[in-house]
Each structure stands twice: as structure tokens, then as C-alpha cells.
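Subject: Structure handover

Hello,

The structure is below, followed by notes on what was found in it.

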Amino acid sequence: MQSQSATILWGLVLTLHLLGMAVWVGGSAAMLFVLRPSLGLLDQTQRVSVDLQSLRRFLRLLWLVVPIMLLTGWAMEIFRQGGFANADWHINAMQGLGILMALVFAYLYFGPFQKARRALRPKPAMFESIRSLIGTMLVIGVAIVVVASLDHNF
């Protein structure tokens with residue numbers, strides 16, 4: 001049986017993990033379903049400026065969230081469950097999908113986002129490429145939530 005302080009510690013680690021997922025998946029959804037339609041109300045110059053600033057802020061936040069997500073997930077598996085050797089299928093699926101999601105984020109940041117940020121006049125196609133990758137992250141994130149829910153014992 002665990003001590004109360006260990007229970008609180010791992011509860012806080014899980015809280016960080018879940019909040020990180022909420023920021024990552026929720027932020028992706030907000031970028032696609034809230035920001036994108038609203039940008040249509042602006043003229044081209046304003047649209048590019050607002051889009052770049054919003055992306056910069058969101059991606060900067062993800063630079064904080066992504067490592068926390070990976071580290072807290074691994075810490076819970078290694079220190080609470082004894083490692084990955086006997087991990088259940090859903091743990092391996094979440095880990096694989098989480099790493100894939102992190103790789104999509106890294107590609108988005110170092111590829112299309114940097115290209116758009118450095119362009120004198122970014123073209124709309126640049127932003128569509130970025131939105132497509134954000135959509136990919138959103139789909140992967142929802143898949144992770146589904147996988148996590150499938151193995152939950154009520």
C-alpha cells in the first residue's frame with residue numbers, strides 16, 4: 001500500500017499529464033474550429049499577422065506541454081507500473097501515438113511554421129499546410145483519448 005504523500009504525488013503527475021493533453025488537443029481544436037473561421041473576417045494583411053501571432057503563441061505553449069506530456073507519461077509507467085516490459089496494450093498505444101503526435105508537432109514547427117514566419121508575404125497555402133498538420137495532431141490526440149478510455153475499468 002502506498003503512503004498518502006506518494007498517492008498525492010502521483011495524482012499531481014497524472015493531473016499535469018491530463019492538463020497537458022487538454023491544452024494540446026483543445027488548443028488544436030481551437031486553432032482549427034475557432035480561429036480559422038474568425039480569420040475570414042479580416043483583410044489579408046491582418047489575417048496573416050493574427051494567424052502568425054496565434055500560431056507562435058500556441059506552438060510556444062506546446063514547447064512546454066509536449067515534454068511534460070512525454071515525461072509524465074513515462075514516469076507513471078516506469079515508476080508506478082514497473083516499466084514498459086509488461087505494459088498493457090493501451091499504454092503502448094498511447095505512447096506510440098503520443099510520440100507520433102510529438103513528431104508531427106516538431107515537423108510543423110521546424111518546417112511549415114518557420115517557412116511561413118520567415119516569408120516576406122506568406123501565402124495562404126502555407127497556412128493550409130500548417131492547419132493540416134494541426135488537424136493531424138487533433139485526430140491523433142482524439143485517438144489517444146479513445147484508447148485511454150477503452151481500457152478504463154469502471
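H17 lies in helix α1, residues 4–39 (helices are DSSP runs of H or I, at least four residues, numbered from the N terminus). With a relative accessible area of 18%, H17 is buried, because buried means under 20%, exposed over 50% and partly exposed in between, with a 1.4 Å probe and protein chains only. Its side chain reaches the backbone oxygen of M69 at 3.2 Å. Not counting residues up to four places away in sequence, H17 touches M69, T72, G73 and M76 (contact means heavy atoms within 4.5 Å).

This is a predicted model: local features need pLDDT of at least 70, side-chain atom pairs count only at pLDDT 80 or more, and totals for chains, interfaces and linings use all residues. Residues are numbered from 1 along each chain as its sequence is written, and side-chain values use heavy atoms, leaving out hydrogens and water.

The largest nonpolar core has 32 residues (buried Ala, Val, Leu, Ile, Met, Phe, Trp, Tyr and Cys joined through side-chain atoms within 4.5 Å). W24, L62, L108, I130, I134 and M137 have the most contacts inside this core. Two or more residues each come from α1, α2 (44–81), α3 (89–118) and α4. Leaving aside neighbours within four places in sequence, the contacts of W24 include F58, L62, M69, F105 and M137.

What does L150 look like at the surface, buried or exposed? L150 is found in helix α4 and counts as exposed, at 59% relative accessibility.

Regards

Conventions
Polar contact = N/O pair within 3.5 Å; in protein donor to acceptor, adjacent residues only side chain to side chain.
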